[in-house]
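Hi everyone, thanks for coming.

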Amino acid sequence: MTISANDLKDKRAIITGASEGLGFAIANLFCKMGADVFIISRSQEKIDAAANKLQSHNTNIHTLTADMSDSKQIQHTSQQILNKWDHIDILVNNAGYAQFGPFEEISISDIQYLINLNLMSTIVTTQSLMPALIKGKASIINLSSYYAHRITPFRPGAIYTMCKAGVSALTKSLATELGPHHIRVNAIAPGMVETDHMKQRMQALSPVAHNKTMDFIGEYYPLQRMGTPEEIANAALYLASNASSWTTGLIMHVDGGAANT
Ligand SMILES: NC(=O)c1ccc[n+]([C@@H]2O[C@H](COP(=O)([O-])OP(=O)(O)OC[C@H]3O[C@@H](n4cnc5c(N)ncnc54)[C@H](OP(=O)(O)O)[C@@H]3O)[C@@H](O)[C@H]2O)c1
(Lines give C-alpha, C1' and ligand atoms only; values in the text may rest on other atoms or scores of the structure.)
Protein backbone atom coordinates (compact mmCIF):
# COMPACT_ATOMS: atom_id res chain seq x y z
CA MET A 1 0.00 0.00 0.00
CA THR A 2 1.39 3.41 -0.95
CA ILE A 3 0.20 6.90 0.00
CA SER A 4 -1.71 8.55 -2.83
CA ALA A 5 -2.67 12.18 -3.33
CA ASN A 6 -6.16 11.83 -1.86
CA ASP A 7 -5.31 9.23 0.75
CA LEU A 8 -7.13 11.02 3.57
CA LYS A 9 -10.15 11.98 1.46
CA ASP A 10 -13.23 12.29 3.71
CA LYS A 11 -11.26 11.07 6.73
CA ARG A 12 -12.06 12.89 9.93
CA ALA A 13 -9.02 14.10 11.84
CA ILE A 14 -8.57 15.97 15.11
CA ILE A 15 -5.35 17.83 15.73
CA THR A 16 -4.73 19.51 19.08
CA GLY A 17 -2.40 22.51 19.33
CA ALA A 18 -2.84 23.17 15.63
CA SER A 19 -2.70 26.95 15.30
CA GLU A 20 1.04 26.89 14.54
CA GLY A 21 4.17 24.75 14.67
CA LEU A 22 3.97 21.01 14.11
CA GLY A 23 0.21 20.85 14.69
CA PHE A 24 -0.45 23.35 11.93
CA ALA A 25 1.94 21.60 9.52
CA ILE A 26 0.16 18.30 10.22
CA ALA A 27 -3.30 19.88 9.74
CA ASN A 28 -2.12 21.50 6.52
CA LEU A 29 -0.84 18.23 5.05
CA PHE A 30 -3.90 16.28 6.19
CA CYS A 31 -6.25 18.84 4.56
CA LYS A 32 -4.11 18.78 1.42
CA MET A 33 -4.64 15.00 1.35
CA GLY A 34 -8.41 15.46 1.62
CA ALA A 35 -9.16 15.22 5.35
CA ASP A 36 -11.84 17.12 7.25
CA VAL A 37 -10.36 18.46 10.46
CA PHE A 38 -11.13 19.76 13.90
CA ILE A 39 -8.24 21.99 14.95
CA ILE A 40 -7.89 23.12 18.55
CA SER A 41 -5.79 25.67 20.43
CA ARG A 42 -6.28 28.22 23.23
CA SER A 43 -6.44 31.40 21.17
CA GLN A 44 -9.52 32.07 19.03
CA GLU A 45 -7.57 34.57 16.95
CA LYS A 46 -4.72 32.14 16.22
CA ILE A 47 -6.96 29.17 15.44
CA ASP A 48 -9.13 31.31 13.14
CA ALA A 49 -6.01 32.50 11.31
CA ALA A 50 -4.87 28.89 10.94
CA ALA A 51 -8.30 27.85 9.63
CA ASN A 52 -8.16 30.66 7.06
CA LYS A 53 -4.84 29.35 5.77
CA LEU A 54 -6.32 25.85 5.44
CA GLN A 55 -9.41 27.00 3.48
CA SER A 56 -7.65 26.67 0.11
CA HIS A 57 -7.71 22.87 0.42
CA ASN A 58 -11.52 22.82 0.15
CA THR A 59 -12.12 20.41 3.00
CA ASN A 60 -14.24 20.98 6.10
CA ILE A 61 -12.33 22.89 8.76
CA HIS A 62 -13.80 23.13 12.26
CA THR A 63 -12.16 25.13 15.02
CA LEU A 64 -12.44 24.88 18.79
CA THR A 65 -10.67 26.71 21.58
CA ALA A 66 -9.65 24.98 24.78
CA ASP A 67 -6.83 25.06 27.27
CA MET A 68 -5.67 21.47 26.89
CA SER A 69 -4.03 21.58 30.33
CA ASP A 70 -7.51 21.63 31.84
CA SER A 71 -9.22 18.23 31.87
CA LYS A 72 -12.69 19.74 32.23
CA GLN A 73 -12.17 21.91 29.13
CA ILE A 74 -10.92 18.86 27.23
CA GLN A 75 -14.00 16.87 28.19
CA HIS A 76 -16.26 19.76 27.17
CA THR A 77 -14.43 20.14 23.84
CA SER A 78 -14.55 16.41 23.20
CA GLN A 79 -18.30 16.41 23.75
CA GLN A 80 -18.65 19.20 21.18
CA ILE A 81 -16.73 17.05 18.70
CA LEU A 82 -18.80 13.95 19.52
CA ASN A 83 -21.99 15.97 18.97
CA LYS A 84 -20.83 16.57 15.39
CA TRP A 85 -18.87 13.44 14.53
CA ASP A 86 -19.97 9.94 15.49
CA HIS A 87 -16.72 8.46 14.26
CA ILE A 88 -13.16 9.72 14.14
CA ASP A 89 -10.47 8.34 11.83
CA ILE A 90 -7.40 10.15 13.14
CA LEU A 91 -6.50 11.79 16.44
CA VAL A 92 -3.25 13.70 16.76
CA ASN A 93 -2.43 14.51 20.40
CA ASN A 94 0.00 17.28 19.62
CA ALA A 95 -0.56 20.17 22.07
CA GLY A 96 2.47 20.42 24.31
CA TYR A 97 5.05 22.72 25.78
CA ALA A 98 8.72 22.24 26.67
CA GLN A 99 10.12 24.07 29.66
CA PHE A 100 13.81 23.76 30.42
CA GLY A 101 15.79 24.81 33.47
CA PRO A 102 17.35 23.37 36.61
CA PHE A 103 15.13 20.93 38.50
CA GLU A 104 15.51 22.77 41.82
CA GLU A 105 14.19 25.97 40.28
CA ILE A 106 10.97 24.82 38.64
CA SER A 107 7.86 25.75 40.63
CA ILE A 108 5.22 23.24 41.65
CA SER A 109 2.62 25.08 39.57
CA ASP A 110 4.87 24.89 36.48
CA ILE A 111 5.44 21.17 37.13
CA GLN A 112 1.70 20.62 37.38
CA TYR A 113 1.08 22.59 34.17
CA LEU A 114 3.70 20.58 32.25
CA ILE A 115 2.22 17.29 33.43
CA ASN A 116 -1.33 18.42 32.65
CA LEU A 117 -0.52 19.70 29.18
CA ASN A 118 2.09 17.20 27.98
CA LEU A 119 0.74 14.01 29.51
CA MET A 120 -2.74 14.34 31.00
CA SER A 121 -4.12 16.05 27.87
CA THR A 122 -3.19 13.02 25.75
CA ILE A 123 -4.82 10.68 28.26
CA VAL A 124 -7.99 12.73 28.75
CA THR A 125 -8.49 13.60 25.07
CA THR A 126 -8.12 9.99 24.00
CA GLN A 127 -10.35 8.68 26.76
CA SER A 128 -13.06 11.32 26.16
CA LEU A 129 -13.24 10.50 22.45
CA MET A 130 -13.17 6.71 22.81
CA PRO A 131 -16.66 5.90 21.45
CA ALA A 132 -15.95 7.70 18.17
CA LEU A 133 -12.36 6.41 17.98
CA ILE A 134 -13.64 2.84 18.29
CA LYS A 135 -16.27 3.45 15.65
CA GLY A 136 -13.69 4.96 13.29
CA LYS A 137 -11.07 2.23 13.94
CA ALA A 138 -8.87 5.24 14.42
CA SER A 139 -5.19 5.92 14.05
CA ILE A 140 -4.00 7.80 17.15
CA ILE A 141 -0.74 9.70 16.83
CA ASN A 142 0.88 11.06 19.98
CA LEU A 143 3.66 13.65 19.98
CA SER A 144 6.47 12.39 22.17
CA SER A 145 9.97 13.86 21.96
CA TYR A 146 13.51 12.71 21.61
CA TYR A 147 13.89 14.12 25.12
CA ALA A 148 11.88 11.12 26.30
CA HIS A 149 14.73 8.85 25.26
CA ARG A 150 17.82 11.01 25.44
CA ILE A 151 19.09 13.63 27.90
CA THR A 152 20.90 16.82 26.89
CA PRO A 153 23.24 17.58 29.81
CA PHE A 154 23.44 21.34 29.27
CA ARG A 155 19.67 21.69 28.76
CA PRO A 156 17.97 20.16 31.81
CA GLY A 157 14.26 19.47 31.49
CA ALA A 158 13.45 16.59 33.84
CA ILE A 159 9.70 17.16 34.01
CA TYR A 160 9.25 17.56 30.25
CA THR A 161 11.38 14.44 29.73
CA MET A 162 9.27 12.52 32.25
CA CYS A 163 6.02 13.62 30.57
CA LYS A 164 7.17 12.62 27.11
CA ALA A 165 8.51 9.29 28.41
CA GLY A 166 5.00 8.84 29.79
CA VAL A 167 3.53 9.60 26.38
CA SER A 168 5.79 6.97 24.79
CA ALA A 169 4.89 4.37 27.44
CA LEU A 170 1.19 5.21 27.13
CA THR A 171 1.46 4.79 23.36
CA LYS A 172 2.87 1.28 23.61
CA SER A 173 0.46 0.28 26.33
CA LEU A 174 -2.63 1.61 24.56
CA ALA A 175 -1.52 0.04 21.28
CA THR A 176 -1.75 -3.33 23.00
CA GLU A 177 -5.00 -2.60 24.80
CA LEU A 178 -6.84 -0.97 21.89
CA GLY A 179 -5.58 -3.27 19.12
CA PRO A 180 -8.63 -5.55 19.43
CA HIS A 181 -10.77 -2.47 18.64
CA HIS A 182 -8.68 -2.06 15.44
CA ILE A 183 -7.36 1.21 16.84
CA ARG A 184 -3.69 1.88 16.10
CA VAL A 185 -1.64 3.98 18.52
CA ASN A 186 1.76 5.31 17.49
CA ALA A 187 3.99 8.18 18.51
CA ILE A 188 6.38 10.50 16.76
CA ALA A 189 9.46 11.49 18.76
CA PRO A 190 10.84 14.56 17.00
CA GLY A 191 14.28 15.99 17.54
CA MET A 192 14.68 19.77 17.47
CA VAL A 193 12.36 21.20 14.83
CA GLU A 194 12.68 24.72 13.52
CA THR A 195 9.19 26.07 14.29
CA ASP A 196 8.60 29.79 14.81
CA HIS A 197 8.72 29.20 18.57
CA MET A 198 11.99 27.33 18.26
CA LYS A 199 13.46 30.18 16.22
CA GLN A 200 12.38 32.65 18.93
CA ARG A 201 13.85 30.44 21.64
CA MET A 202 17.14 30.16 19.81
CA GLN A 203 17.28 33.93 19.30
CA ALA A 204 16.67 34.48 23.02
CA LEU A 205 19.65 32.30 24.01
CA SER A 206 22.91 33.89 25.12
CA PRO A 207 25.63 33.66 22.46
CA VAL A 208 27.35 30.94 24.53
CA ALA A 209 24.17 28.85 24.88
CA HIS A 210 23.35 29.38 21.21
CA ASN A 211 26.79 28.16 20.15
CA LYS A 212 26.56 25.17 22.50
CA THR A 213 23.21 24.20 20.97
CA MET A 214 24.50 24.52 17.41
CA ASP A 215 27.63 22.52 18.34
CA PHE A 216 25.40 19.88 19.90
CA ILE A 217 23.34 19.60 16.71
CA GLY A 218 26.52 19.35 14.62
CA GLU A 219 27.95 16.64 16.86
CA TYR A 220 24.93 14.54 17.89
CA TYR A 221 22.53 14.88 14.95
CA PRO A 222 24.04 12.78 12.15
CA LEU A 223 22.13 14.88 9.61
CA GLN A 224 23.62 17.99 11.31
CA ARG A 225 20.55 20.22 11.24
CA MET A 226 17.20 20.80 12.86
CA GLY A 227 14.11 19.32 11.24
CA THR A 228 11.27 21.17 9.57
CA PRO A 229 7.60 21.01 10.62
CA GLU A 230 6.83 19.49 7.20
CA GLU A 231 9.19 16.56 7.91
CA ILE A 232 7.19 15.77 11.05
CA ALA A 233 3.92 16.16 9.12
CA ASN A 234 5.15 13.59 6.56
CA ALA A 235 5.68 11.08 9.37
CA ALA A 236 2.21 11.85 10.73
CA LEU A 237 0.73 11.27 7.27
CA TYR A 238 2.33 7.83 7.09
CA LEU A 239 0.96 6.89 10.52
CA ALA A 240 -2.49 8.31 9.69
CA SER A 241 -2.79 6.59 6.33
CA ASN A 242 -3.51 3.00 5.38
CA ALA A 243 0.14 2.67 4.35
CA SER A 244 0.85 1.96 8.04
CA SER A 245 -2.13 -0.36 8.51
CA TRP A 246 -0.07 -3.01 10.35
CA THR A 247 1.94 -0.58 12.45
CA THR A 248 0.98 0.05 16.06
CA GLY A 249 2.92 0.75 19.24
CA LEU A 250 5.73 2.37 17.25
CA ILE A 251 7.75 5.26 18.63
CA MET A 252 8.92 6.80 15.38
CA HIS A 253 12.10 8.82 15.85
CA VAL A 254 12.10 11.67 13.38
CA ASP A 255 15.21 13.45 14.56
CA GLY A 256 17.98 13.45 11.98
CA GLY A 257 19.38 10.34 13.67
CA ALA A 258 19.89 11.92 17.12
CA ALA A 259 18.30 9.01 18.98
CA ASN A 260 21.18 6.75 17.93
CA THR A 261 24.20 8.86 18.85
N1 LIG B 1 9.39 21.79 18.02
C2 LIG B 1 10.18 20.83 18.48
O3 LIG B 1 11.42 20.89 18.33
C4 LIG B 1 9.60 19.63 19.19
C5 LIG B 1 10.47 18.58 19.46
C6 LIG B 1 9.97 17.45 20.11
C7 LIG B 1 8.64 17.38 20.45
N8 LIG B 1 7.82 18.43 20.18
C9 LIG B 1 6.41 18.30 20.58
O10 LIG B 1 5.59 18.56 19.46
C11 LIG B 1 4.38 19.17 19.87
C12 LIG B 1 4.18 20.48 19.11
O13 LIG B 1 5.27 21.33 19.42
P14 LIG B 1 5.55 22.67 18.62
O15 LIG B 1 7.00 22.88 18.68
O16 LIG B 1 4.86 22.64 17.31
O17 LIG B 1 4.83 23.76 19.56
P18 LIG B 1 4.49 25.29 19.24
O19 LIG B 1 5.12 25.74 18.00
O20 LIG B 1 4.79 26.01 20.52
O21 LIG B 1 2.91 25.26 19.04
C22 LIG B 1 2.11 24.81 20.09
C23 LIG B 1 0.66 24.74 19.63
O24 LIG B 1 -0.09 24.24 20.73
C25 LIG B 1 -1.03 25.23 21.16
N26 LIG B 1 -1.04 25.19 22.61
C27 LIG B 1 -0.03 25.51 23.46
N28 LIG B 1 -0.44 25.37 24.72
C29 LIG B 1 -1.73 24.94 24.67
C30 LIG B 1 -2.71 24.65 25.66
N31 LIG B 1 -2.46 24.76 26.96
N32 LIG B 1 -3.93 24.25 25.24
C33 LIG B 1 -4.22 24.16 23.92
N34 LIG B 1 -3.35 24.43 22.94
C35 LIG B 1 -2.11 24.83 23.32
C36 LIG B 1 -0.54 26.55 20.58
O37 LIG B 1 -1.62 27.45 20.28
P38 LIG B 1 -2.23 28.51 21.33
O39 LIG B 1 -1.11 29.40 21.75
O40 LIG B 1 -3.32 29.21 20.58
O41 LIG B 1 -2.81 27.71 22.45
C42 LIG B 1 0.09 26.09 19.27
O43 LIG B 1 -0.89 25.91 18.29
C44 LIG B 1 4.48 19.33 21.38
O45 LIG B 1 3.86 18.25 22.01
C46 LIG B 1 5.97 19.31 21.62
O47 LIG B 1 6.29 18.89 22.93
C48 LIG B 1 8.27 19.55 19.55
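I'll start with the ligand and its surroundings, and then move on to the pockets.

One thing to keep in mind: what you see is a predicted model.

So, which residues come nearest to the ligand? There are 30 residues around the ligand, and the nearest are Ser19, Arg42, Lys46, Tyr160 and His197. If we sort that shell by class, we get 13 nonpolar, 12 polar and 5 charged residues.

Valine 193 has a backbone N or O atom 2.7 Å from an oxygen atom of the ligand. With serine 41, the side chain takes part: one of its polar atoms lies 2.8 Å from a ligand oxygen. Glycine 17 uses a polar backbone atom, which is 3.3 Å from an oxygen atom of the ligand. How much of the ligand does the protein cover? On its own, the ligand has 890 Å² of accessible area, and the protein covers 92% of that.

Let's zoom out again. The ligand takes up the space of the largest pocket.

What about the pocket itself? The largest pocket has a volume of about 990 Å³. Its lining counts 40 residues, and Asn94, Gly96, Tyr97, Ala98 and His197 are the closest to its centre. H7 gives the largest share, with 4 residues. By class, this lining has 18 nonpolar, 14 polar and 8 charged residues.

Finally, have a look at the second largest pocket, with a volume of about 320 Å³. It is lined by 17 residues, and nearest its centre are Gly21, Phe24, Ala25, Pro229 and Glu230. H1, H7 and helix H9 (229-240) are the elements that give two or more residues to this lining. Which element supplies the largest share here? That is H1, with 6 residues. The classes in this second lining are 5 nonpolar, 5 polar and 7 charged.

Terms used: Residues are numbered from 1 along each chain as its sequence is written. This is a predicted model: local features need pLDDT of at least 70, side-chain atom pairs count only at pLDDT 80 or more; totals for chains, interfaces and linings use all residues. Side-chain values use heavy atoms; hydrogens and water are left out. A residue is near a molecule or strand if one of its heavy atoms lies within 4 Å of it. A polar contact is a pair of N or O atoms within 3.5 Å; within protein, one must be able to donate a hydrogen and the other to accept it, and residues adjacent in sequence count only if both atoms are side-chain atoms. Accessible areas come from the Shrake-Rupley method with a 1.4 Å probe; for residues, only the protein chains shown count as cover. On a 1 Å grid over the protein atoms alone, a cavity is a set of points where a 1.4 Å probe fits but cannot get out, and a pocket is an open set with protein on both sides within 12 Å along at least five of seven lines; lining residues have an atom within 4 Å of a point. A molecule sits in a cavity or pocket if more than half of its atoms lie within 2 Å of its grid points. Ala, Val, Leu, Ile, Met, Phe, Trp, Tyr, Cys and Pro count as nonpolar, Asp, Glu, Lys and Arg as charged, and the others, Gly among them, as polar. Grid points are joined across faces, edges and corners, and a volume is the space filled by probe spheres set on the points.
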